[in-house]
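User: I've got a model open here and would like to go through it with you. Can we take it one question at a time?

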Amino acid sequence: MLKLFWKSLLVSPAVVGAALMAGTTQAAPDNAQGLTQFDNYARESLGNQYNQVTSVSELRDVEPSAWAYEALKSLVERYGCIVGYPDRTFRGNRALSRWEFAAGLNACMNVMERLIQENVAVLREDIDKLKRLMEEFEAELAALGTRVDNLEARVSYLEDHQFSTTTKLTGEVIFQLAGAGGESLTADQFVFQDRVRLQFDTSFSGEDLLVTRLAAGSAEAFYDTTGAPAPTLTTNADLNPGGNNVAVDWLAYYVPLDISSNVRLNSYIAAWGGIWPDFVPTLAPYFDDYTGGKGAISEFSARNPIYNIGGGGGAGTNLKLGFLGSFLSSSSLSIGYLAGNANSPVAGNGLFNGNYAALAQIDTTIADTVSLGFTYINAYSDAASPIFGFGAGGWNGVTGTTAANLVGFNKQSNSYGLQGSWKIADWASLNAFGSYTNVTQIGIDNRDIWTYGGGLAFPDLGKEGNLLGIFAGVQPYLAGGSNISAGYATPYNPVQVEMFYKYQLTNNLSLTPGIIWISKPEQAMDSKNAIVGTLRGTFTF
């Protein structure tokens with residue numbers, strides 16, 4: 001029966017704190033009495049199948065004013081070593097013995113030790129708290145068969161084997177075999193490429209986050225006869241491509257601010273490599289992995305291309321609008337400003353004198369199944385920078401045709417996007433988008449750019465962690481006129497169809513075969529179809 005108790009650790013954690021305060025003045029019961037309490041406790045808890053909670057706010061009968069609230073929030077949200085009853089109650093009026101508290105203390109120690117072995121940071125203050133609790137419950141821990149000297153050794157292990165008390169290291173490595181063919185491409189080619197990202201996530205308060213990411217890679221895009229990538233794969237979206245040269249490709253800081261109990265302001269500051277999906281909901285579940293290696297295989301299929309307008313250094317915020325009610329279960333207002341060459345003191349660059357984009361978006365989720373968002377972006381791109389290229393020069397990360405990106409012209413643009421998703425069931429999700437961009441080629445004329453598409457995702461198909469994605473749409477293309485000198489004609493829309501299947505081999509390795517077909521990839525009158533296939537291996541740790 002004791003074994004059953006261990007499987008039902010801390011079913012009523014609210015009174016753990018009460019036991020610590022009230023139980024310290026009582027003599028510890030003998031072992032036989034403690035074991036009897038264990039048996040009774042196990043029978044009660046196993047008779048109620050408990051659910052793991054991820055936030056102390058899910059425990060409905062705990063008031064924020066209760067003295068134990070903050071302590072419980074820390075344990076539940078940081079380490080997940082406390083569980084509640086199926087009805088999400090805390091049952092804080094239930095009597096809890098020091099024996100049961102000692103068992104829960106040992107459970108949290110086990111969780112923290114496992115996190116350290118997995119290179120997950122444990123805060124120094126929590127380790128110090130464990131030391132104090134260990135001294136307080138020395139007799140009970142010894143009676144449980146977990147000797148104090150053993151616990152002390154485990155605490156020393158936690159202290160000695162942490163990467164950092166404030167920083168967590170994660171990584172993603174991609175091996176990619178890709179091939180392309182079609183008369184619109186410069187040549188039929190097969191390539192073997194890689195990309196490596198090491199990300200350091202640092203928190204100073206437990207709620208803020210400093211992100212420092214190092215990246216290196218050899219991935220380069222396939223190019224069509226005009227010199228534009230067709231299409232851009234997500235592995236080609238790196239702003240520091242080729243040569244496997246290591247560089248910082250993203251440096252940003254997140255900090256939340258609670259305005260009221262229902263309103264939270266999530267602020268974002270990017271010193272380098274910022275993009276809108278870093279803090280703005282793109283409403284493309286399963287397809288958008290934020291240029292990572294676990295979603296769609298092309299940049300166009302990943303999200304609405306409107307989010308590729310602008311990037312670099314700047315700031316933004318995402319305001320959660322919880323006061324709108326439970327029917328609109330998740331609503332937010334996002335605003336931000338990013339400059340493509342914010343670091344450059346050269347004339348025509350800098351934070352306000354060069355490439356920039358200013359965004360405003362409002363989005364909401366209806367009845368937990370349907371999400372809708374409307375986005376507006378005002379931007380300026382110089383002659384060397386594509387419109388849909390993350391705010392920088394060059395073709396890395398670009399979506400859309402050469403004509404739509406208007407390289408070679410200084411341009412001011414106003415873009416309007418609508419995107420949404422529908423969770424059809426746990427095994428199926430649909431997302432779609434459309435956007436319109438009005439561009440002023442400075443000193444020349446106005447142009448119109450359109451794009452739209454939709455995808456159907458089937459998560460966990462065949463195995464947990466797997467993903468089948470099917471997408472079709474029209475890449476950003478130039479409309480409302482023609483560019484005769486380059487041979488573009490607006491009636492020829494660049495239709496793209498994509499299908500991929502991510503197979504989760506292990507928790508840390510997935511294989512994703514995929515294929516892309518594009519009709520009229522450069523919307524040219526004599527443009528031919530193009531096909532790109534890939535086999536992507538993604539390692540995460």
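User: Which residues does isoleucine 449 touch, not counting residues up to four places away in sequence?

Analyst: First, the ground rules: this is a predicted model, with residues numbered from 1 along each chain as its sequence is written, and local features need pLDDT of at least 70, side-chain atom pairs count only at pLDDT 80 or more, while totals for chains, interfaces and linings use all residues. Side-chain values use heavy atoms, with hydrogens and water left out. A contact here means heavy atoms within 4.5 Å. With sequence neighbours up to four places away set aside, isoleucine 449 touches Ile387, Phe388, Ala404, Ser435, Tyr436, Thr437, Val439, Pro476, Tyr477 and Leu478.

User: Which residues have the most contacts inside the largest nonpolar core?

Analyst: A nonpolar core is a set of buried Ala, Val, Leu, Ile, Met, Phe, Trp, Tyr and Cys residues joined through side-chain atoms within 4.5 Å. Buried means under 20% relative accessible area, exposed over 50%, and partly exposed in between (1.4 Å probe, protein chains only). The largest such core has 25 residues, and those with the most contacts inside it are Tyr268, Trp276, Ile309, Ile377, Ile387 and Ile449.

User: Which element gives the largest share of this core?

Analyst: Helices (H or I, at least four residues) and strands (E, at least two) are DSSP runs, numbered from the N terminus. Two or more core residues come from each of β6 (247-258), β7 (263-274), β10 (356-366), β11 (370-381) and α11 (402-405). The largest share, three residues, comes from β6.

User: How many residues are in the other core, the one with Phe222 among them?

Analyst: That core lies apart from the largest one. Its members include Ala180, Phe222, Phe300 and Leu467. The count is 17 residues.

User: What separates the C-alpha atoms of glutamine 189 and phenylalanine 222?

Analyst: Glutamine 189 is found in strand β4 (residues 189-202), and is partly exposed because its relative accessible area is 39%. Leaving aside neighbours within four places in sequence, glutamine 189 is in contact with Ala178, Gly179, Ala180 and Phe222. Glutamine 189 and phenylalanine 222 are 33 residues apart along the chain, yet their C-alpha atoms are separated by 8.2 Å.

User: Which residue's backbone oxygen does the side chain of arginine 195 reach?

Analyst: Arginine 195 also has its place in strand β4. With a relative accessible area of 1%, arginine 195 is buried. At 3.3 Å, its side chain reaches the backbone oxygen of threonine 234.

User: Is arginine 303 buried or exposed?

Analyst: A salt bridge is a side-chain nitrogen of Lys or Arg within 4 Å of a carboxyl oxygen of Asp or Glu. Arginine 303 forms one with aspartate 288, closest N and O atoms 3.2 Å apart, and another with glutamate 299, at 2.9 Å. The relative accessible area of arginine 303 is 1%, so it counts as buried.

User: Where does aspartate 288 sit in the chain?

Analyst: Aspartate 288 counts as buried, at 7% relative accessibility. Its pairing with arginine 303 links distant parts of the chain, 15 residues apart. Arginine 303 is in the loop between α9 (299-302) and β8 (312-321), whereas aspartate 288 is in the loop between β7 and α9.

User: How many salt bridges does the count come to?

Analyst: Another of them pairs aspartate 445 with arginine 447, closest N and O atoms 3.4 Å apart. Arg197, Arg213 and Asp249 are linked in a network of salt bridges. The count comes to seven.

User: Which elements give two or more residues to the nonpolar patch?

Analyst: Patches are made of residues with over 30% relative accessible area and no salt bridge: like charges are joined within 9 Å, nonpolar side chains (Val, Leu, Ile, Met, Phe, Trp, Tyr) within 5 Å. Phe175, Leu177, Phe192, Tyr503, Leu505, Leu511, Leu535 and Phe539 form this one on the surface, with about 710 Å² of accessible area together. Accessible areas come from the Shrake-Rupley method with a 1.4 Å probe, and for residues only the protein chains shown count as cover. The elements are β3 (167-181), β16 (495-506) and β18 (530-540).

User: What percentage of the residues of the protein chain count as buried?

Analyst: The protein chain has eleven helices and 18 strands, and exposes about 23,600 Å². Of its 541 residues, the buried part is 51%.

Technical notes:
A polar contact is a pair of N or O atoms within 3.5 Å; within protein, one must be able to donate a hydrogen and the other to accept it, and residues adjacent in sequence count only if both atoms are side-chain atoms.
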